[in-house]
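Let's take a walk through a protein model together, one stop at a time. Have the sequence and the 3D view ready, and look up each residue as we reach it.

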Amino acid sequence: MTSTVLLAEDDRAIRDSVVRLLTLEGYQVTAVADGIQALAAIHREHPDVIVLDVMMPGIDGLAVCGVLRAENDRTPILMLTARVETSDRVAGLDAGADDYMVKPFEADELLARLRALLRRATPVPVPADPPSSQNAFATEDVIEVADLRIDPTARRVWRQRTEIALSRTEYDLLELLARNAGIVLDHSTVYDRIWGYDFGPGSKNLAVYIGYLRRKLELPDAPALIHTVRGVGYTLREP
């Protein structure tokens, strides 16, 4: 089945080249030049995955992402940015993006990231109401590490009974660490399991997501759960 992509990029040369690339790979692509057109096309066509440039006239990519997440639209979003600062990348994650790429980028890497997002895009039913204290963690498959609880069926996370809102990629990363609690996962393993592609030793993608996940898991007087093993990778374990 052909996957549909909404591409929003104001640079015509980049837009045309990405459209050609994706079309040759068998994707059905709708391309627009700004955020206003992007929102209209997304509401009209409901694409399988969205690629947004951060800097666009009118409504930028961050605002488009924020609007969609406020509407509870969970379509996977890949942000494109010319900025290399970590704070700019974190802003994209905070808006609800699932992944980001810094321009200029390699065609193979873009295709790999889109494939990874689409693999994780299967809808999962989520309960409308928060769980009561009696049945909060009655699900058989609930993962518990220290005061962290994860319900994979609903893709919901709590720490000390405080629910934590995570993006799709953040959740996938946390579940991977929790299912391997106490085991140090090296960078290449995490890249392969989460993104389906090892972006190499120069990539900061994983470090940014780990940092953002740590901040979301922080609670007053609560110890850190995610630990860095220098030169190897990351592990989630009880303090």
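With which side chain does the side chain of Asp172 make a polar contact? The partner is the side chain of Arg155, at 2.9 Å. A polar contact here is a pair of N or O atoms within 3.5 Å; within protein, one must be able to donate a hydrogen and the other to accept it, and residues adjacent in sequence count only if both atoms are side-chain atoms.

Before going on, please keep in mind that this is a predicted model, in which local features need pLDDT of at least 70 and side-chain atom pairs count only at pLDDT 80 or more, while totals for chains, interfaces and linings use all residues. Residues are numbered from 1 along each chain as its sequence is written, and side-chain values use heavy atoms, with hydrogens and water left out.

Now let's step back to the whole chain. The protein chain has eight helices and 12 strands. Helices (H or I, at least four residues) and strands (E, at least two) are DSSP runs, numbered from the N terminus. Of the 239 residues in the protein chain, 47% are buried. Buried means under 20% relative accessible area, exposed means over 50%, and partly exposed lies in between (1.4 Å probe, protein chains only). Among contacts between residues at least 6 apart in sequence, 61% join residues at least 24 apart; a contact means heavy atoms within 4.5 Å.

Back to Asp172, which sits in helix H6 (residues 168-179). Is Asp172 buried or exposed? Asp172 has a relative accessible area of 12%, so it counts as buried. Leaving out residues up to four places away in sequence, Asp172 touches Arg120, Arg155 and Ile194.

Leu174 is in helix H6 too. Leu174 is buried, because its relative accessibility is 0%. Apart from neighbours within four places in sequence, Leu174 is in contact with Leu148, Ile150, Val157, Leu166, Leu213, Leu217 and Leu236. Take Val157 from that list: Leu174 and Val157 are 17 residues apart along the chain, and their C-alpha atoms are separated by 9.2 Å.

Tyr212, found in helix H8 (residues 205-217), is 46 residues from Leu166 in sequence and 9.9 Å away in space, C-alpha to C-alpha. Tyr212 is buried, with a relative accessible area of 7%.

Next, let's see how helices pack. Two packed helices are described by the angle between their axes and the distance between the axes. The axes of H6 and helix H7 (residues 187-195) come within 10 Å and cross at roughly 130°. These axes are lines fitted to C-alpha atoms, for helices over the stretch in contact, and angles run from 0 to 180 degrees between N-to-C directions. H6 and H7 are therefore oblique to each other; angles under 35 degrees count as roughly parallel, over 145 as roughly antiparallel, 65 to 115 as roughly perpendicular and the rest as oblique. Thr169, Asp172, Leu173 and Leu176 of H6 meet Val190, Arg193, Ile194 and Trp195 of H7. By class, the residues of this contact are five nonpolar, one polar and two charged. Ala, Val, Leu, Ile, Met, Phe, Trp, Tyr, Cys and Pro count as nonpolar, Asp, Glu, Lys and Arg as charged, and the others, Gly among them, as polar.

A second pair is helix H1 (residues 12-24) and helix H5 (residues 107-119), which pack at an angle of about 60° with their axes 11 Å apart. That angle makes H1 oblique to H5. The contact is formed by Val18, Leu21 and Leu22 of H1 together with Ala107, Leu110, Leu111 and Leu114 of H5. Its residues are seven nonpolar, with no polar and no charged ones.

Our last stops are in the loops. Most residues other than glycine have a negative phi, and most peptide bonds are trans. Lys103 and Pro104, however, are joined by a cis peptide bond, with omega about -5°. Pro104 lies in the loop between strand E5 (99-102) and H5.

Ala146 is not a glycine, but it has a positive phi of about 55°. You can find Ala146 in the loop between strand E6 (143-145) and strand E7 (148-151). With a relative accessible area of 34%, Ala146 is partly exposed. Asp221, also not a glycine, has a positive phi of about 65°. Asp221 lies in the loop between H8 and strand E11 (226-229), and at 84% relative accessibility it counts as exposed.
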